[in-house]
Amino acid sequence: MITNTRIKILLINTIFTIISAINKCIKHDKGIVLFASGVFYYFTKEDIKRLIHELSLRFPGGLLVFDATNSQGIRSMAKTWLDPADMKNVGVYFYLDDEKEIYEYSDRIESVLRKGYLSGY
């Protein structure tokens, strides 16, 4: 049986493999737009910090678009989605109570824009 921790490690390794492949194919001076919709919830804050930091190093001038909820929302997600489905080996971890926290992930982050739910990217 694969544990939730093992799955996260596999997913993180897969993400960095994809980043490495993109890194080889994309000209860095042209920028990049990356979408991670509905993905970050399943990783710890440290995992996402590491990922965003690495992206900021590899793709200067790039744009990362992702969705996140706050600490109350993450508890609600677990209670509403995971508990009724009896998904005990899956957890939701990543949340942002203040989007400015993203600036702490890398000194290369130029701006952070927050949009409301279903208000578009």
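Colleague: What is the volume of the second largest pocket?

Modeller: This is a predicted model. In it, the second largest pocket has a volume of about 280 Å³.

Colleague: Which residues are the closest to its centre?

Modeller: The pocket is lined by 15 residues. Closest to the centre are Ile 15, Phe 35, Ala 36, Phe 40 and Leu 51.

Colleague: How many of the lining residues are nonpolar, polar or charged?

Modeller: Sort them by class. The count is 15 nonpolar, no polar and no charged residues.

Colleague: Which elements each supply at least two residues of that lining?

Modeller: They are α1 (4–25), β1 (33–36) and α2. The largest share comes from α1, with five residues.

Colleague: Let's take α2. How do I read the length of a helix?

Modeller: Compare its reach with the expected span. Helix α2 covers residues 45–58, which is 14 residues. From first C-alpha to last, α2 reaches 20 Å, close to the 20 Å expected at 1.5 Å a residue.

Colleague: Which residues of α2 are buried?

Modeller: Asp 47, Ile 48, Leu 51, Ile 52, Leu 55 and Ser 56. These residues lie on the same side of α2, because they cover an arc of only 160° around the axis.

Colleague: Why do residues three or four places apart point the same way?

Modeller: An α-helix has 3.6 residues a turn, so residues at that spacing point the same way.

Colleague: Pick one residue. Is Ile 48 buried or exposed?

Modeller: First, the cut-off: buried means under 20% relative accessible area. Ile 48 has a relative accessible area of 0%, so Ile 48 is buried. Its place is in helix α2.

Colleague: How far apart are Ile 48 and Tyr 105, in sequence and in space?

Modeller: Count along the chain, then across space. The two are 57 residues apart in sequence. From C-alpha to C-alpha, Ile 48 and Tyr 105 are 8.6 Å apart.

Colleague: How many bridges join β1 to β2?

Modeller: Four bridges join β1 to strand β2, residues 63–66. The two strands run parallel. Ala 36 stands opposite Phe 66 in β2.

Colleague: And the whole chain? In what order do its elements run?

Modeller: Start at the N terminus. The order is α-β-α-β-α. That makes three helices and two strands. Of the 121 residues in the protein chain, 28% are buried.

Methods. Residues numbered from 1 in each chain as written. Predicted model: local features only at pLDDT ≥ 70, side-chain atom pairs only at ≥ 80, totals over all residues. Heavy atoms only, no water. Expected span 1.5 Å × (residues − 1). Buried < 20%, exposed > 50% of the residue type's maximum accessible area, 1.4 Å probe, protein only. Arc of directions from axis to C-beta. 1 Å grid on protein atoms, 1.4 Å probe; cavity = no way out; pocket = protein on both sides within 12 Å on 5 of 7 lines; lining within 4 Å. Points joined across faces, edges and corners; volume = space filled by probe spheres on them. Nonpolar A, V, L, I, M, F, W, Y, C, P; charged D, E, K, R; others polar. Pairing = 2+ DSSP bridges.
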